[in-house]
Amino acid sequence: SVAAAARRRRRSAAADAAEHAERREHAIAMDIEDDRELIALARDRPLPEVAAQLGRGLQGVTRRLAKLSDPDSAAYERLVNKGEDQETATKLRPAKEVIQRLVWDGALSLGDFYVAFEDRFDGMQRVRCDAANESIKGKERLFVLALPSHRVRQIYYKERVVWDREERLDNVFGTGIAGEGVKIEEVIATYAEWEAERERERRHRAYIVESVREALGDEDFAELKVMSKEMQEGRLDVAGYVRRGLRYFEGMDAYGVELFAELVRLMPDAALRAEVLQRIDAE
């Protein structure tokens, strides 16, 4: 019948479209593998040698590398974002994908990145992302590609953490719940400002600690330090910590209370810090 013939044509068209899409996906995957091989070879070999090994012209290799280093090019976009699905903004990008981005993104300097990982025998270790694989069996030339991703804890750009499993931070792709959508391009562009701010914070911390030490004396300062550690480890409740801590600053009026509060503001745990400050205000 006419209807049956129409259904057969639609099924045939759908099958052709599916086959075409599958072929296209395969071609893209092969292109990406070729691009990754090119980038890997070009890291430590002269371009004429790379071109000869790949059986390609030197000008073609040079132009392709330029495209793979240009964030505005389609080649760069495909290499970096291939396989990306509609992930929610709060879903943390896996360590494996982040490391692959750093390795294959020609716009990034791989030697500026480090991976902190858990070694079964030596505890937490840190390695440069361009370090050769000399200890893990397999075909991967780079250690970070051979490293099982479940052992990765943090990834750094120089001294700044850009991916953290526990904190659910991803400042490479801008995913996770702690990164506020910041991506690696912004991290690199603002690194000098971040470094300057970190130095200001270090000096402020040192100033507050020394001010408290001078106000209390070495013995009381040491006791308060031990007490603060006990509270942060959960061995002393917040109310008891604040009540006992304020006694060290008795006789200093408002200055003493504010000095104690400034010391508390240096605590790394934001939730605990807020709870202690609220308790100080209540006292």
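Modeller: The charged end of Arg-101 is placed over the ring of Phe-173, at 5.3 Å from the ring centre. Another arginine, Arg-126, lies over the face of Tyr-156, and here the distance to the ring centre is 4.4 Å. These positions, like those that follow, come from a predicted model.

Rings also pair with rings. A pair of this kind is described by the distance of the centres and the angle of the planes. The structure contains six aromatic pairs. One of them joins Phe-113 and Tyr-157, whose centres are 5.2 Å apart and whose planes stand at 55 degrees, a tilted arrangement. Phe-113 belongs to strand 1 (residues 113-119) and Tyr-157 to strand 3 (residues 152-157), so this pair ties together parts that are 44 residues apart in sequence. Phe-113 and Tyr-157 are both buried. Through ring pairs, Phe-113 and Tyr-157 form a cluster with Tyr-191 and Trp-194.

Phe-249 and Phe-260 form a pair as well: with 5.3 Å between the ring centres and 25 degrees between the planes, which is under 30 degrees, the pair counts as stacked. Phe-249 is found in the loop between helix 10 (238-247) and helix 11 (253-264), whereas Phe-260 is part of helix 11, so the pair connects parts 11 residues apart in sequence. Phe-249 has a relative accessible area of 3% and is therefore buried. Phe-260, at 0% relative accessibility, is likewise buried.

Terms used: Residues numbered from 1 in each chain as written. Predicted model: local features only at pLDDT ≥ 70, side-chain atom pairs only at ≥ 80, totals over all residues. Heavy atoms only, no water. Phe/Tyr/Trp six-rings, centres within 6.5 Å; stacked < 30°, edge-to-face > 60°. Helix = DSSP H or I, 4+ residues; strand = E, 2+ residues; numbered from the N terminus. Buried < 20%, exposed > 50% of the residue type's maximum accessible area, 1.4 Å probe, protein only. Lys NZ or Arg CZ within 6 Å of the ring centre and 35° of its normal.
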